[in-house]
Amino acid sequence: MRSSLYKLYKHTEQIKTKVRGKTTPMGRFFLLMTFASTLFGLNTNATMLYQLAAILLSFLTVSYILSLRFSPHISITRNIPLSCSAGEKLSYTLILHNNGNKKEKGFIYREEEHRDLPTVAEFLQTPETYEKKRNIVDRKLKYYRWLWLIERKKKATLPRLEMQTILPGEMLEMDVYLTAEKRGYLHLQGYVIERYDPFGLFRTSVFFRKEKNILVLPKIYSITDLVFDGSRKYHRGGISTAGKYGDSEEFIALREFQAGDSIRHIDWKATARQEKPIIRQYQDEFFSRYGIILDTFTSLSDCPVFEEAVSIAASIVVKQNPGRSVVDLLFAGNTFVSTSTMGKGLAEQNHMLEILASVRTCQGKPFSELTGLVKSHANLLSGAVLIFITLDEQRKELLAYLQALQIPFRALLISSEEKKSQATIDALDLTSCITVISTLRTNQEILLP
Amino acid sequence: MRIPAFFTGATVVFWGIESGNIIIGISVALLLEASNFISITWELSETDFVRISDFTSVIFLSTLALILLNVETRFFLKELVKWSPLINLPLILAQLYSTNDKIIIGTRLGRKKKKAHVHKPMDFTFPYCAICILSAAIANSRSLLFFPVVLLLLGWLLLVNRGKSFSLPIFFLLISVTAGLGFAGLRGAEISHDYLTSRFHKFVRGYYWEKFSDPFATHLSFGSLRHLKNSSQIIIRLTTDGPTPILLKQASYSTFNKNTWHSKSSFIYLPVTNTGWQLLPKPSQTGNQATIEFSLPKEKGLLPFPKGSYWVEGETLFELGQTPSGIIKIIDAAFHITYKIQFKNELKKEDDLPSFRNLQIPPDEDYAISQITEKLKLETIPKDNLLTTVEDFFQKYFTYSLHITRSNSYPTHLGNFLLKNREGYCEMFATATALILRKNGIPTRYVTGFLVSEYSDFENKYIVRQRHAHAWVEAFLDGSWVTVDTTPATWPEIEQEEASFFEPMRDFFSYFKLKYDQFRLQTEQRYNLILSCIIILLTAFLGFRVYHRMQSKNKIEQEMRARKLFEEIATPFSDIENKLVATGISRGNGEPFMAWAARINDLQPIDLKDIGKLYTLHQKLRFDSKNTSNAVKIKLKAGVAIWLQHAELKDI
């Protein structure tokens, strides 16, 4: 029954997409009116709906016939940037060239993205937010869930606008905008040039496959500075990986050469003055190294709370000064657990944002995988930010472990139900070390504890 | 989708013309299009839109109720669509006269009143125009202008929404092609419809004719009453001043052929005598009187009456006719009739005599009748005992049933009933009895009517439902027609057992429908006015609530504005202020008066304490002038005068 519903909705959606691709809103209204007037106008003596139906049908027929053939003589070059931020408008330019020998006008340009429909598993397992409040029929039929999933699958608001009139051989520049709604890669399959028929009821379109990928970085929120109690205490690191930037060790003093010292460190001027080998004594650089531990463990493939958690992680990353400290991102994927490091020349901030743009939820793995990763990494960390999307005994255990090692940490619990989460925190007796961040308040400045 | 200017108004006017409401159409169009010229717009919130939606729903439901009460059910949808431009008027007005370009349709009606259920905002202009055009078409004016005007309107709409890749001449050329195609299409539809209708009529003429063209039941097919057995609808209500008649006769038939009873009697127009109709000569002793209420949707039909009825009168009966056999035809009456009928069971119509038809037996039924006659040896039984024998035969060997499931072994229904199944319903019993008696030389006729058996405690009346429709036989014995009912007497109970669970509920509503029908009849045409007034009052009340809410919001805003305005008060304190200004020490921007005065006082003593007291009085006068007494004003004036004198002396 459920999969039948899925099939029904899927086929309906495919038909809807086809009809929308072929008709204009006016055309769809004409189709609807034609259907109604034909249905109720069968008795030609009772009403005059049949006359209306005859006119509407004639308009639709003429319109449809004229929409059958279309070959635009326009070539388009798109200058699309490689990345953008979710929720922000991305502007780019099109260069239009009329290759034909006649004036082209009234064409519509639109981008086409790769569009996924919800899968059966998603349809069956992802309940709509507040679905419990719907009536029993809606809950059983799950149509609103389907619509909600479709809406959630929408990755971007793509440009669709009327092109300027182009004379034969003319080349024009046009600015277009798109707004990516979701982080990750936005796959633009190509662009479409459309033309409306003379009555504006049907549209004919030609698709040009020109694939482009845009990396959509997570949303960045306004967030307060992250200050740890132990941040002034520098931790020994041994940052040999910074070799490409030269020696990063810090000079302390001169001393006499001892066997085994590196000849490279001999200070020749001092040796000449002292007439005995003097070497430069260096101290390894000490620096702070924070871990951002992102909780990816949820049964849902598309979880709004998780999205907020990623955005908050990205906001913390952006707020860090890469020259001052090293930031490790620790998270688990479906097939791996990962550590990524940035700062002090190790990697660019953008690299970590790219990772955050692509991070997905981890389903079917226990949270202990992440705990293991944190434990193996703990001796390097001078502080940690834990971003949880749920709270249980395993997460509590991780917090206890960090407390035992006296690693200062900030634990955030991202939640759409603030009161309920607060109650869970109280129940687990974690009130003093976890802060709830409501997904409803991310438009305000997020105050880190 | 763009709607051209004045398009909405044009569609409304078009609807007005087509539906015969020109003045309403023009008024509504002016109201809608005035929004283009009037700068007044309301700022409506989501709650306001929900209220307007609910208000529209109330109008819709009221209209629905009015239509259901006043128009035949089969026309209700048509009538509803016809008036939909007016029903939806509040929605379009809300859009045109609000600052929003879209409306929010939602409702606060229902169980969870606190939280409104709302849909996405939508532009209602185009749906409204579509409603107007559809309603105009539904009105069915048969005007020749309909086609060109619709073409013009749609062409106008498409002109502003056309594909810009094509030139205007091409557009107009295509419009003319479309017009030709459309005209051909509509003619094709008309011809096809006529053809299909004639074919359909030929195919089902018998059924169609009987169902819709024969209110007086000049013939009755076998099984017609069986269809009524499923309905528990109350059609007759009866009260009497004496014994209640058990059977109400409605029609009688003499000839039976091919499973159908036929009546050839012609009706004679009955003249009115003293506000009533004399059906039989008045008896020497007055009989009983029954008051019957009878639903008559077609406003014509056959009048149910007890045996021996001699006088009938009723305000809702207009014209009657009668056959020689006494059947009364209602030529003209109201849709619900109430009549008083006087009857005396023994009375008979002198010219109501049997004919050869009352002895005819169709040849194809003779085999069954003959077998029964032979089996019961009826030929040997004297005529006086014949009735009893036949009645006993049916009572002993036959059962009443509406569900005959056995196979047919004989060529006719009657044959199967008599010789094989031995179960059936009243039509079968009556037909069989009539033919058996005829076979034995007794003239009979088949009579249909109703059984009066159910008493309603709720209405305090006898009620007759459709399933109480009954058939029996009248046999001509000893110079008069005698009622012979061989159907087992348990049949009303058997049918009662099969009655719907919801029957009492239906009866309850039926009672209110009756009262409403009576109210309509009593008040003649005024009921429309009264109901319209009620609906207008209700809708006006709701409209007032919406308006009042908006007004109260405006009022609060105005009050808030009013509070910020202060009356200019002539205060003597301004002299002190002028004097201080004259010192040359200017007051800083936003500097409190007393701080300024204190600054001056530091440089040049100015009796700051006195100024402080006077300033307090001045403030009192300034902010609470209404409650400040004259004494305070005088005190302030005097104080200022004294201070000024001091200032003169000190040469400030």
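This is a predicted model: local features need pLDDT of at least 70, side-chain atom pairs count only at pLDDT 80 or more; totals for chains, interfaces and linings use all residues.
Me: Why is Ile40(B) called exposed?

Reply: Its relative accessible area is 51%, and the label needs over 50%. So Ile40(B) counts as exposed. You'll find Ile40(B) in the loop between helix 2 (22-33) and helix 3 (46-70) of chain B.

Me: What does Ile40(B) form together with Phe6(B), Phe37(B), Ile38(B), Trp42(B), Trp156(B) and Tyr547(B)?

Reply: Those residues form a nonpolar patch on the surface, with about 720 Å² of accessible area together.

Me: How do you know that Phe398(B) and Phe429(B) form an aromatic pair, and what makes it edge-to-face?

Reply: Two numbers settle it. The ring centres are 6.0 Å apart, and the limit for a pair is 6.5 Å. The planes are at 70°, and edge-to-face takes over 60 degrees. So both parts of the name hold. This pair links distant parts of the chain: Phe398(B) sits in the loop between helix 13 (383-397) and strand 17 (399-400) of chain B, while Phe429(B) is 31 residues away in helix 15 (residues 426-439).

Me: Are Phe398(B) and Phe429(B) buried or exposed, and how do you know?

Reply: Buried means under 20% relative accessible area. Phe398(B) has 4% and Phe429(B) has 0%, so each of them counts as buried.

Me: What makes the pair of Phe417(B) and Phe429(B) edge-to-face?

Reply: Same test, new numbers: 5.1 Å centre to centre and 80° between the planes. Phe417(B) lies in helix 14 (residues 413-421) of chain B and Phe429(B) in helix 15, so the pair ties together parts that are twelve residues apart in sequence. Both Phe417(B) and Phe429(B) are buried. Over all chains, the structure holds 45 aromatic pairs.

Me: How do you know that Lys461(B) and Glu293(B) form a salt bridge?

Reply: Look at the closest N and O atoms: they are 2.8 Å apart. The cut-off is 4 Å, so the pair passes. Lys461(B) lies in strand 21 (residues 461-465) of chain B and Glu293(B) in strand 10 (residues 288-295), so the bridge ties together parts that are 168 residues apart in sequence.

Me: Why are Lys461(B) and Glu293(B) called buried?

Reply: Because Lys461(B) has 15% relative accessibility and Glu293(B) has 7%, and buried means under 20%.

Me: Why does the pair of Glu346(B) and Lys344(B) count as a salt bridge?

Reply: Their closest N and O atoms are 3.8 Å apart, and the rule says within 4 Å, so it counts. Glu346(B) has 61% relative accessibility, so with the line drawn at over 50%, it is exposed.

Me: What makes Glu577(B) and Arg587(B) partly exposed?

Reply: Glu577(B) has 30% and Arg587(B) has 36%. Buried needs under 20% and exposed needs over 50%, so both values land in between. These two also form a salt bridge, with the closest N and O atoms 3.6 Å apart. Glu577(B) is in helix 19 (residues 573-581) of chain B, and Arg587(B) is in the loop between helix 19 and helix 20, ten residues apart. The whole structure has 28 salt bridges over all chains.

Me: How do you know that the charged end of Arg445(B) sits over the ring of Trp481(B)?

Reply: One part of the test is distance: the charged end of Arg445(B) is 4.0 Å from the ring centre, and the limit is 6 Å. The test also wants the charge within 35 degrees of the ring normal. Over in chain A, the charged end of Arg395(A) sits over the ring of Phe367(A), 4.2 Å from its centre.

Me: What makes the phi of Asn140(B) worth a look?

Reply: Most residues other than glycine have a negative phi. Asn140(B) is not a glycine, yet its phi is positive, about 55°. Asn140(B) sits in the loop between helix 7 (125-139) and helix 8 (146-161) of chain B. At 17% relative accessible area, under the 20% mark, Asn140(B) is therefore buried.

Me: Why is Asp607(B) called partly exposed rather than buried?

Reply: Because Asp607(B) has 21% relative accessibility, and buried means under 20%. Asp607(B) is in the loop between helix 20 (593-603) and helix 21 (608-623) of chain B, and its phi is positive too, near 55°.

Conventions. Residues are numbered from 1 along each chain as its sequence is written. Chains are lettered from A and ligands numbered from 1 in the order in which they are written. Side-chain values use heavy atoms; hydrogens and water are left out. Patches are made of residues with over 30% relative accessible area and no salt bridge: like charges are joined within 9 Å, nonpolar side chains (Val, Leu, Ile, Met, Phe, Trp, Tyr) within 5 Å. Accessible areas come from the Shrake-Rupley method with a 1.4 Å probe; for residues, only the protein chains shown count as cover. A salt bridge is a side-chain nitrogen of Lys or Arg within 4 Å of a carboxyl oxygen of Asp or Glu. Helices (H or I, at least four residues) and strands (E, at least two) are DSSP runs, numbered from the N terminus. Buried means under 20% relative accessible area, exposed over 50%, partly exposed in between (1.4 Å probe, protein chains only). Rings of Phe, Tyr and Trp (its six-membered ring) pair if their centres lie within 6.5 Å; planes under 30 degrees apart count as stacked, over 60 as edge-to-face and the rest as tilted.
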